[in-house]
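Visitor: I would like to go through the sheets and helix contacts of this chain. Could we start with the strands?
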Amino acid sequence: MTTSATSARPGGTVLVTGGAGFIGCAISDELAQRFDRLVVVDNLHPQIHSTGERPPQLNLAAELIVADVTEAQTWDSVLREVTPDVVIHLAAETGTGQSLEESTRHTHVNVVGTSQLLDGLNRHAKLPRRIVLSSSRAVYGEGAWMDAEGRTFYPGQRTSETLDKAQWDFPGASPVAMKASDVFPAPVSVYGATKLAQEHVLQTWAKSYRVETVILRLQNVYGPGQSLINPYTGIMSLFCRMAMGGKSIPLYEDGEVRRDFILIDDVASAIVAAAVSPTVQGEPMDIGSGEFQTIGTAARLIAEHYNAPAAHVTGQYRQGDVRHAWADITAAEKVLGWSPQYSLAQGIERLANWIDAQPDVQPA
């Protein structure tokens, strides 16, 4: 990213929820340079942090507070000592499939965790200048499609009946890129519904208190530093571990599912830009590579890196998965002066090399 936002140093205090996770660690070095104080609140959940210890990737300047964002006493304790100028809200449960089985957990963390944060800020009269929310492309669900006559329509969630018949796409239609200003959200997973609720709660609250908001709807984030033990997230790391073990990567549906894979480095630069940019817009912005790749293409590149057998199509499917998803990043480019710097091939090389260097990683 080469913009004025790159050199901006707003100073003050930045508070990051869920800041010891994948994205939080990735932004910690830059935030430590841009702000006078960096405070991180994270519960170090064992699904992500197996040892319960502070992750070594988290910048040493970060003041880590191990606490639960869903508890009011967390914010009473934190906000007695911290006056945030900017809040970056990353804390969330993120497993699409898991959210169907543990909907209460996902709703509690994602929605109640957000409202407890906001209540705490209000209760302690410590309203920040800006709140940055990491949202998700999952809020769109299947998104918008275009029929043969060029008319946009919203097909809604694919049914088990059509998926059982291997009818993966919507006949006679083509998918449309996800763009917050044009495509309205219609989540098809509990996770997506909770992320949309996060957006609505934050926007309503922030407008009432004149707090700036930046909502970033992230596409499929991957790269060095992501959890290798969480079975519910990280398809790219899972593919790498399969290929390193000499296995053929299984592809769901027909292998032509479209996704927008964006390297963690690019996501980190977008979030930092959202935190320090002199200009913002209240409506959500989409963060991705700006183009789609098929799951099959990603699997091929990974298999080639490891000299593994070619991927194979299984015809299986997963409830809550959407058929195609990729971002129109025009708004983020214009408002934040941000653009992605890494191609899929470069990103996979970075991820695979990092995984190969981990001492205890096991093939899947």
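**Strands and helix contacts**

Guide: In this predicted model, V87 stands opposite I131 of strand β5.

Visitor: Which strand pairs with β5 there, and in what sense?

Guide: Strand β4 (residues 86-89) pairs with β5 (residues 130-136) in the parallel sense, over four bridges.

Visitor: What is the order of the strands in the open sheet of seven?

Guide: The order is β3-β2-β1-β4-β5-β9-β14, and the pairing is parallel. At the edges stand β3 (63-66) and β14 (285-287); each has a single partner strand, so one side of each lacks a neighbour in the sheet. On average, neighbouring strands of this sheet are turned by 20° against each other, direction ignored.

Visitor: Which strands does helix α7 touch?

Guide: Helix α7 (residues 190-209) packs on the sheet and touches β4, β5 and β9 (212-218). The direction of α7 makes about 160° with that of β5.

Visitor: And the sheet of three strands: is the pairing parallel or antiparallel?

Guide: The pairing is antiparallel, in an open sheet with the order β7-β6-β8. Here β7 (152-153) and β8 (173-175) are the edge strands, each with a single partner, so one side of each is left without a neighbour in the sheet.

Visitor: How many bridges join β6 to β8?

Guide: Three bridges join strand β6 (residues 145-147) to β8. W145 has P175 in β8 as its bridge partner.

Visitor: Changing topic to helices: at what angle do α2 and α9 cross?

Guide: Helix α2 (residues 22-34) and helix α9 (residues 264-276) cross at roughly 50°, and their axes come within 9 Å. The two are therefore oblique to each other. The crossing is right-handed.

Visitor: Which residues make that contact?

Guide: From α2 the contact has F22, I23, A26, I27, E30, L31 and R34, and from α9 it has I264, V267, A268, I271, V272 and V276. By class, the contact of α2 with α9 has 11 nonpolar, no polar and two charged residues.

Visitor: What about α8 and α10, at what angle do they cross?

Guide: Helix α8 (residues 235-244) and helix α10 (residues 295-306) cross at roughly 40°, with axes that come within 9 Å. That angle makes α8 oblique to α10. α8 passes α10 in a right-handed crossing.

Visitor: Which residues meet there, and how do they divide by class?

Guide: I235, M236, F239, C240, A243 and M244 of α8 meet I295, A298, A299, I302, A303 and Y306 of α10. The contact of α8 with α10 divides into 12 nonpolar, no polar and no charged residues.

Terms used:
Residues are numbered from 1 along each chain as its sequence is written. This is a predicted model: local features need pLDDT of at least 70, side-chain atom pairs count only at pLDDT 80 or more; totals for chains, interfaces and linings use all residues. Side-chain values use heavy atoms; hydrogens and water are left out. Two strands pair if DSSP finds at least two bridges between them. Axes are lines fitted to C-alpha atoms, for helices over the stretch in contact, and angles run from 0 to 180 degrees between N-to-C directions. Contact means heavy atoms within 4.5 Å. Angles under 35 degrees count as roughly parallel, over 145 as roughly antiparallel, 65 to 115 as roughly perpendicular and the rest as oblique. A crossing is left-handed if the near helix is turned anticlockwise from the far one by less than a right angle, and right-handed if clockwise. Ala, Val, Leu, Ile, Met, Phe, Trp, Tyr, Cys and Pro count as nonpolar, Asp, Glu, Lys and Arg as charged, and the others, Gly among them, as polar.
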